[in-house]
Amino acid sequence: MDFSGSEPVRGPREAELLPATVATAVKVVIVGGFGVGKTTLVGSVSEIRPLTTEETMTEAGVGIDDLAGVERKSSTTVAMDFGRITISDELVLYVFGTPGQERFWFLWNGLFEGALGAVVLVDTRRLEVSFDVLGRLEDRGVPFVVAVNSFPESPGYPLDELRGALDLPRTSRSSSATPAPGTPAATC
Amino acid sequence: MSNQDWEEGGPERLFVITRGRDRQQAAATFDLVTLIVARSRPVPTMQPEHAAILRICGSPLSVAEISAYLRLPNSLVIVLLADLLADHKIEARAPIPLATLPDLSLLEAVIHGLQRL
């Protein structure tokens, strides 16, 4: 019999330990649809092998996740990949990838609280899946940038056209005399 | 029926580990990136999950990392951390108040740090 749950817990490897002096941790959230490249982005910026934290969907998922046909499955687990970048001896940045679909929004409570901001990762083949995410971030007042992931097979559009399609403001809506730049967008 | 009636990730096991306690209160104290540092050594009489947290937190670790290494949901880990904090067995470093935007100097420190990489 397999007692997978009784394996000894293995902590971080020696090379992955944070300095004892680190006092502040901040976070940035990468949000995007299924298969848009969140895990790849987390992995490419992280100094540690990306880790996965899980959350179980409980009453928050009732009525959202259709459990018909999978009645034996009494809880749904959603995984979030994350990585880490040590900024200095006192400051560390964590980068979390989270699914953008509405049924995963229960994860957002706590995730976006205190976050420095979000990176919305979009795929030009499925731009429409980003609309709800952008609206939701605006509602929550989360500062965000848009990153367009260029897949070899995705159609290439000028960034200006994408900005229009995503309704990204060109200048901030502040009242200051010198308008600040609008929502940053870049291809990657 | 599968050959494993006891689902490792199932709610029953999680309920046992937290002894049925609620996470609401703990959620207000711990963020995903609250840094945890052990302030005492694990002892054999401890619940295994508590001992594991003390063992891996010799250097600062975020709540998210603890959840990943223990392979337990974040919401459950914070209940365990609340126990340890109440017993003064861990230190929690969460200087940024939740639900407030970070100040400009912190943003600048992060941006400059990233540019130096």
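How many residues of chain B are in contact with chain A, and how many of chain A with chain B? Select both sides and you will find 36 residues of chain B in contact with 35 residues of chain A, where contact means that the C-beta atoms of two residues, placed from the backbone, lie within 7 Å.

This is a predicted model, in which local features need pLDDT of at least 70 and side-chain atom pairs count only at pLDDT 80 or more, while totals for chains, interfaces and linings use all residues. Residues are numbered from 1 along each chain as its sequence is written, and chains are lettered from A and ligands numbered from 1 in the order in which they are written.

Next, colour chain B by secondary structure, which comes to six helices and three strands, taken as DSSP runs (helices H or I, at least four residues; strands E, at least two) numbered from the N terminus. Along the sequence the pattern reads α-α-β-α-β-α-α-β-α.

The largest share, six residues, comes from H4(B). By class, this side has 23 nonpolar, eight polar and five charged residues, with Ala, Val, Leu, Ile, Met, Phe, Trp, Tyr, Cys and Pro counted as nonpolar, Asp, Glu, Lys and Arg as charged, and the others, Gly among them, as polar.

Select H4(B) next. Eight of its eight residues are buried, so H4(B) is largely enclosed by the rest of the structure; a residue is buried if 20 or more other C-beta atoms, placed from the backbone, lie within 10 Å of its own. The buried residues include Val63(B), Glu65(B) and Ser67(B), and for the whole chain, buried residues make up 36% of the 117 residues in chain B. Step just past the end of H4(B) to Arg71(B), which takes a positive phi of about 55°.

At their contact, Glu49(B), Ala52(B), Ile53(B) and Ile56(B) in H3(B) meet Ile66(B), Tyr69(B) and Leu70(B) in H4(B), a group of six nonpolar, no polar and one charged.

Note on methods:
Buried ≥ 20, exposed ≤ 12 C-beta atoms within 10 Å, placed from the backbone.
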